[in-house]
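Have the structure open beside you as you read.

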Amino acid sequence: MLKIDHVSKNFGELAALKDVSFTVEPGQILGLIGQNGAGKSTLFHSILNLFSYEGNITWQDQMITGSAFDQIGYLPEERSLLPNLTIERQIKYLAKLKDFNASSSLIDDWLKRFEVKGDRKTKIKLLSKGNQQKVQLICTLIHQPKLIILDEPFSGLDPVNAELLKQAILSAKENGAAIIFSSHNMANVEEVCDQLVMLNLGEIVLRGNVNEVRNQFGKINLFVTTDWTEQQLAELTGVKSVKKLLPQHYLLKLLTPEAGKQIFIQLTQGQYIEQFSQEALSLDEIFRMKAGKSNE
Amino acid sequence: MSKLWTIISETYLRQVKSWSFLSLIFGPFLILAIGMGIGYFTASNGDSSTAKIVVVSSQPALKQAFISQNKKLKVETAVTSSKQAEKLTKKDDLQGYLVLNEKQGRLQAEFYQGDSDNAPDKEDLAPSINALQTAVNVQQARLTVKQVQELQTRPQLKIKQVTGKANDTTIKMITFMVVIFVVYFVILIYSSIMAQEVVADKGHKIIEIIFSSTTPEKYFCGKVIAILLMIITQMLSYIAFGLIAWPFAQHIKSARNWLTANQSLIRQILHNLLGSAMLYIILGVTAYVILAAYFGAISKSSANASQAAQWPTMICVVAFILALTYATQPHAVLVKILSYVPLFSSYFMPLRVFGGNVNVIEIMGSLLLLMVAIILAVYYIGKSYGRLMLQQDWSKRKLSLFRRN
């Protein structure tokens, strides 16, 4: 288990992390979300022991030093491969630093799995950005780490490759790895993560199971398809705002989840209605709402 | 240990395969080969053995005797008159013509030399003419074969070198100069390589991955050892080149003559170099390389490796100039002090060693100080290496946070 226990980090007078605590169990994926500069990378660097911090960070109840490094797979936010090396030499070098001997056949398997355009002998600098990102991911995952830290893993990947990465993350989860990743793409977080932690200005502003977090705010999103006008919908009791998505398709923001029942009666009046769907806020909305509040 | 070895081998292989290192190794050989080629070409052009001359004589037997006696020059026999020979010499078709006659048992030779570089001179003609004169003398004196043989007896002359104090001092001075120039250039080259290596890492996010796999101390040690291996590779390459070139040099007359003439000097220099001087070269360069790594790590701009190598280079240049200034004063107080100061001792202790005013304990003491300084530098720089290498990112992050707020 990865345990972050009351971790704080200051850069001079600037507090980059303020009393951050959470845990990630083996076989669990935690999504770390937050705006740029919220402290996500600082937290990752603290986990990796790249600098000193206040508080405790342990992996399997041990400080992360020495051989514990070998159990970690880390993907930094920016691409960080040596451009003049071949794919094989790059992967082997980083794997050896993890005390893992990556055989050529294993590298071939991973290249095939991630559909990398190029073979083992291709130089990194000849690969496209997307393919470099995939090689970087292979470097992170090939030694089968027990703790995987991914800083913006989906950046630079098209939907097809993002799907490949999702599968790789889920596969690592099935193998019992504890995974923590940051992302700006809430859809990916929603789809893959079990837990999420939202950081803002170095502080945790939201934490918990993804569904629980969404339900905390109640089902105040109402999607309707109707002949009613935007004006008519806005005048309904319990409606906070109306947004036209498509002709005859609207998103109504409710003041309370309970208002939905009354609106249904008024809107349908016993007649057929093509769509009436009351849903919880998306992570994206929660993220924007929380980030906006904190910045106010 | 395996991680350390991984860092060493990766850094070493990446560097030795680079064009800059290959040019560093083969560059001097290439320059030497070009120099030898030019020398050979010049020598060929100026070689009088390709010269063509004409012998003009009113005595055909004498002319014939000269032709058969002469083995070096090519003699054109079709031309018989001085006028014709002069015309051809002016046109550069001939390199000159010799007018040769005998008068009352004495040979009279006049050589009209052309303008070309390979025109024969007095030294080329004298042996054949002298031999002819001797033959004439023998004939005139009516000597027997035995008498002739007795007259041809040559004295036995052997030259043996007696090495005196003055010569010994010269050898030591030359050795010292070789040492300080080697130290100077090796430091300049490898400080720059190390600074580039560290600065390149600093500008690269891969350092985060590496530090999440091994300790910065180990990584730093690996880099230093890899650079040391490069230095040793370069030294071994030169030794190997020397061993390979030696038999070939024996076949080149000028090289053989030079080597024979300077055999004692070369032996002495090599002997002096392979002693404590070599230790000072290796340890001294190590100290500077570590210093260059430190300045590389604290440099603000990842694009400016030359700035990172500036400080070690400046110290190196100061030490070099001081060493040259005090080259003839190994007893000076400043030399004695600096022979114990790391970064300077690689220049000044060899000066004292070759000056002969230092004992083994002092040498050992100086070496020990240098080694302790290196170990402490590796320890302390290694400790802060991670922080220094990641510093750039922190300042960036701080800036971004300030901007956002």
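Leu82(A), Tyr93(A), Arg14(B), Asp201(B), Ile206(B), Ile210(B) and Tyr219(B) line the second largest cavity. By class that lining has five nonpolar, no polar and two charged residues, where Ala, Val, Leu, Ile, Met, Phe, Trp, Tyr, Cys and Pro count as nonpolar, Asp, Glu, Lys and Arg as charged, and the others, Gly among them, as polar.

A quick word on the ground rules. This is a predicted model, with local features needing pLDDT of at least 70 and side-chain atom pairs pLDDT 80 or more, while totals for chains, interfaces and linings use all residues. Residues are numbered from 1 along each chain as its sequence is written, chains are lettered from A and ligands numbered from 1 in the order in which they are written, and side-chain values use heavy atoms, leaving out hydrogens and water.

Searching the whole structure turns up two cavities of 30 Å³ or more. On a 1 Å grid over the protein atoms alone, a cavity is a set of points where a 1.4 Å probe fits but cannot get out, a pocket is an open set with protein on both sides within 12 Å along at least five of seven lines, and lining residues have an atom within 4 Å of a point. Grid points are joined across faces, edges and corners, and a volume is the space filled by probe spheres set on the points.

| Space | Volume | Lining by class |
|---|---|---|
| Largest pocket | about 1800 Å³ | 34 nonpolar, five polar, one charged |
| Largest cavity | about 60 Å³ | four nonpolar, five polar, one charged |
| Second largest cavity | about 30 Å³ | five nonpolar, no polar, two charged |

The lining of the largest cavity includes Gly73(A), His143(A), Ile209(B) and Ser212(B). Around the largest pocket, Tyr238(B), Phe241(B), Gly242(B), Ile266(B) and Leu270(B) lie nearest the centre, out of 40 lining residues. Helix 9 of chain B brings the largest share of them, 11 residues; helices here are DSSP runs (H or I, at least four residues), numbered from the N terminus.

Now for the interface. Contact (heavy atoms within 4.5 Å) takes in 33 residues from chain A and 27 residues from chain B. Leu50(A), Tyr93(A) and Leu97(A) supply 22% of the area that chain A buries against chain B, more than any other three residues; buried area is the accessible area (1.4 Å probe) that two parts lose on being put together, summed over both.

How values were computed
Helices (H or I, at least four residues) and strands (E, at least two) are DSSP runs, numbered from the N terminus.
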